[in-house]
Amino acid sequence: MKASPYAFISPFFIFFGAFSLVPLLYTAWYSLHNVQLADLDNQTWAGLDNYQNLFSSDFFWNSLWVTLLIGVISTVPQLIMAIGLAHLLNYKLRGSTVWRVVMLTPYATSVAAATLVFVLLYSWDGGMINWLLDFVGVDPINWRESDWGSKFAVSTIVIWRWTGYNALIYLAAMQAIPADLYESASLDGANRWQQFRHVTVPQLRPTILFTVVVSTIGATQLFGEPLLFGGVSGSKGGSDHQYQTLGLYMYDQGWVIGNLGKASAIAWSMFLILLLIAVINLLVSRRLRKSQ
Amino acid sequence: MRTNTRRSRRLVAFAAIAALTTGLLAGCAEDSDDGSSNSDGGSDGSGSGKTTLSVGTFGVFGYKQAGLYDEYMKLNPDVTIKENVTTRTDVYWPKTLTRLQAGAGTDDIQAIEIGNVAEAVQTQGDKFVDLGKEVDKSQWLDWKNAQATTEDGKLIGLGTDIGPMAVCYRKDLFEKAGLETDRTKLAEQWKGDWGKYVDLGKEYMKKAPSGTKYVDSASSVYNAVLNGESERYYDDGGDVVWDKSSGVKNAWDVAMEVATSDMSAKLKQFDKPWDQAYANGTFATVACPAWMIGYIQEKSGAAGKGKWDVAAAPTAANWGGAFIGVPTASKNQKEAIKLAKWLTAPEQQAKVFAKQASFPSTPSAYSTLKPADATTAYFSDAPITQIFSDSAKTIPTQIFGVKDQPINTALTDIGILQVEQKGKSPEEGWDAATEEIKDVLGQ
């Protein structure tokens with residue numbers, strides 16, 4: 001009698017166990033060993049050597065810093081723009097469905113396809129962006145090799161893909177805000193901007209928190225965009241590792257260099273960083289709830 | 001009654017879940033990536049009498065393109081061949097490594113690229129069938145066999161193509177720049193020394209047609225020089241000696257001369273802009289191994305026809321090439337060995353050459369080689385067979401090591417790129433590469 005609900009949810013847990021939990025624990029085991037891709041069966045105990053090696057490596061701190069920077073310059077403008085767009089879409093518009101679908105198309109595009117187009121746009125020689133810059137008298141920028149240019153370029157790909165998605169989430173939340181709040185605000189003499197600031201944004205707070213968390217997780221795991229942006233040997237993230245995110249560093253160590261033990265240590269460090277973010281998020285959201 | 005239907009309904013639900021779960025799990029156990037499924041078909045060669053052989057390759061191997069599979073299947077009606085292609089070697093090789101070690105999921109024949117062969121020989125020797133007993137080894141160039149031979153004398157792969165090197169150049173651009181355009185005289189000018197090739201670049205830049213550069217990149221010059229040196233990153237004892245290697249120093253110095261001058265188009269090979277530069281004709285020379293001939297033809301397109309020419313390189317060098325081996329995990333070893341022998345026989349190698357100019361590793365084929373007419377016409381009737389076979393016969397034996405490829409990437413895509421594209425000094429580039437290689441070697 002009581003077994004059926006468990007049976008119904010069991011496929012998820014079987015899969016989670018087989019493809020998430022076991023690999024997760026196995027990765028932890030790997031991270032404490034010296035494991036080479038070409039010699040998987042010969043694992044020698046390394047204790048915390050891999051972690052020690054990692055934390056004393058400039059490449060690791062660089063990739064952490066790069067991940068953080070790209071995370072900030074892609075997430076912040078993305079969410080601000082998303083709120084703005086959602087606000088506009090919330091007005092009575094002709095063909096509102098069309099606009100909403102258009103918003104979601106970048107999200108439905110594959111990372112590979114989107115990135116390849118951006119690579120062409122950002123091409124050093126003959127790319128459209130440098131061509132436009134030329135009109136305003138700016139010298140062509142070597143987007144891929146410049147320190148800030150490359151981070152900016154990668155961020156724009158992320159922004160392009162995710163802004164519409166977040167805008168739709170905000171829009172859904174905005175439509176759930178009771179109309180009488182706006183009514184009474186306008187009775188009190190609040191203009192559109194004031195309504196937005198004092199009614200919409202406070203009402204959206206839980207949603208904003210949700211999108212911040214989701215975007216932060218996404219930013220920490222950023223991988224496909226910088227890898228493909230780099231083209232040949234993209235896992236290096238540029239000749240100076242100027243856009244080598246944690247994900248790329250892990251891939252480079254594990255699959256290009258073949259040092260799986262160290263790659264596993266990076267994977268677990270990323271996992272711990274995400275846990276840390278989750279804890280911070282929990283504390284902040286508690287604060288917010290109390291202040292309301 | 002009621003409980004009965006409820007029970008049967010529940011049974012149906014359970015059955016559905018069970019079917020779903022096992023089905024999905026089974027789907028994972030099967031080799032299902034790349035949409036390739038070759039676990040079907042008679043696997044032991046008995047029974048129905050039909051054998052399905054799978055061949056795992058990367059890039060454009062040319063076997064299918066030259067019609068070799070079809071030909072073999074016609075000769076052996078009881079054999080079906082399937083090719084599983086992975087475009088990029090850097091994706092192909094890690095995948096193959098894990099499958100070899102798991103002893104499952106490998107193809108019956110597995111291609112090995114030259115950059116990975118040392119790793120295969122040193123770490124996967126027992127995962128491949130010893131082909132030395134199956135073939136007449138003297139068919140192949142000695143150094144080619146040596147690269148695929150383990151310490152205890154096992155031959156784990158049969159040589160497919162090699163990459164003897166020449167210099168491909170744009171005759172029309174050379175003429176405009178006031179340089180020699182005759183291929184033999186040019187080869188004479190830079191014979192024996194890549195430094196002279198760079199000197200000619202300086203001449204070129206003095207009168208360069210607008211919008212053009214002398215060479216595609218400093219890294220390509222680096223690779224060209226290094227591949228003609230007998231000492232690379234490892235010594236014959238298997239120790240890493242990259243920072244003391246005379247070959248590396250030589251190649252680095254020449255590359256630095258290119259990187260710090262204005263003669264490079266500052267491209268990255270096999271990147272989109274590199275392809276576009278071929279189409280637009282914005283660089284005048286490129287060090288071209290035989291397999292690049294087809295690539296140039298494709299990317300330069302109709303506009304480049306008759307403008308390209310081929311001259312002998314300053315030093316004989318080999319860049320690229322591959323092997324095919326039979327994993328011990330193959331269930332059709334006998335048939336697979338037969339196919340591998342056939343595919344790498346001189347006659348078949350000559351056919352692949354005729355199709356896409358992949359150069360044979362079996363010298364007896366050289367006298368019979370005939371490139372496609374279109375290729376000859378494209379490269380101004382240059383005697384490419386002659387040029388490449390001359391180079392092939394004098395290539396030095398090179399020692400490759402386990403981490404050869406990541407070390408090379410560190411030098412070209414970190415060190416040289418920093419100097420060439422970020423304007424850093426050669427010392428800074430060298431230091432950055434050093435740091436990177438330390439990381440690669442786990443030091």
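Patches are made of residues with over 30% relative accessible area and no salt bridge, where like charges are joined within 9 Å and nonpolar side chains (Val, Leu, Ile, Met, Phe, Trp, Tyr) within 5 Å. The areas come from the Shrake-Rupley method with a 1.4 Å probe, and for residues only the protein chains shown count as cover. What you have open is a predicted model, in which local features need pLDDT of at least 70 and side-chain atom pairs count only at pLDDT 80 or more, while totals for chains, interfaces and linings use all residues. Residues are numbered from 1 along each chain as its sequence is written, chains are lettered from A and ligands numbered from 1 in the order in which they are written, and side-chain values use heavy atoms, with hydrogens and water left out.

**Stop 1: chain A as a whole**

Select chain A, whose C-alpha trace spans about 75 × 70 × 35 Å along its principal axes. Its secondary structure comes to 12 helices and 2 strands, where helices (H or I, at least four residues) and strands (E, at least two) are DSSP runs numbered from the N terminus. Of the 292 residues in chain A, 41% are buried, a word that stands for under 20% relative accessible area, with exposed meaning over 50% and partly exposed in between (1.4 Å probe, protein chains only).

**Stop 2: the nonpolar patch**

Now select A:Y6, A:F8, A:I9, A:F12, A:F13, A:F16, A:L21 and A:L25, which make a nonpolar surface patch of about 890 Å². One of these residues, A:F16, lies in helix α1 (residues 3-31) of chain A, and A:F16 counts as partly exposed because its relative accessibility is 37%.

**Stop 3: a kinked helix**

Move on to helix α9 (residues 192-220) of chain A, which spans only 36 Å between its end C-alpha atoms, whereas a straight helix of 29 residues would span 42 Å at 1.5 Å a residue; the expected span is 1.5 Å times one less than the number of residues. Where is the kink in α9(A)? A kink of about 60° lies at A:R205, shortly before the proline A:P206, the bend being the angle between axes fitted to the seven residues ending there and the seven starting there. Buried residues of α9(A) include A:F196, A:V199, A:L204 and A:T211, and what covers the buried residues of this helix includes α3 (58-89), α7 (147-175), α8 (179-187) and α12 (260-291) of chain A.

**Stop 4: salt bridges**

Over all chains, a search of the whole structure finds 22 salt bridges, each being a side-chain nitrogen of Lys or Arg within 4 Å of a carboxyl oxygen of Asp or Glu. Select A:D252 and A:K236, whose side chains meet in a salt bridge (3.1 Å, N to O). A:D252 lies in helix α11 (residues 246-257) and A:K236 in the loop between α10 (224-229) and α11, so the pair ties together parts of chain A that are 16 residues apart in sequence. A:D252 is buried, with a relative accessible area of 1%, and A:K236 is buried at 2%.

Next, select A:K262 and B:D439, whose side chains meet in a salt bridge (2.8 Å, N to O). This pair crosses between chains, from helix α12 of chain A to helix α18 (residues 426-441) of chain B, and both A:K262 and B:D439 are buried.

Definitions and conventions
Contact means heavy atoms within 4.5 Å.
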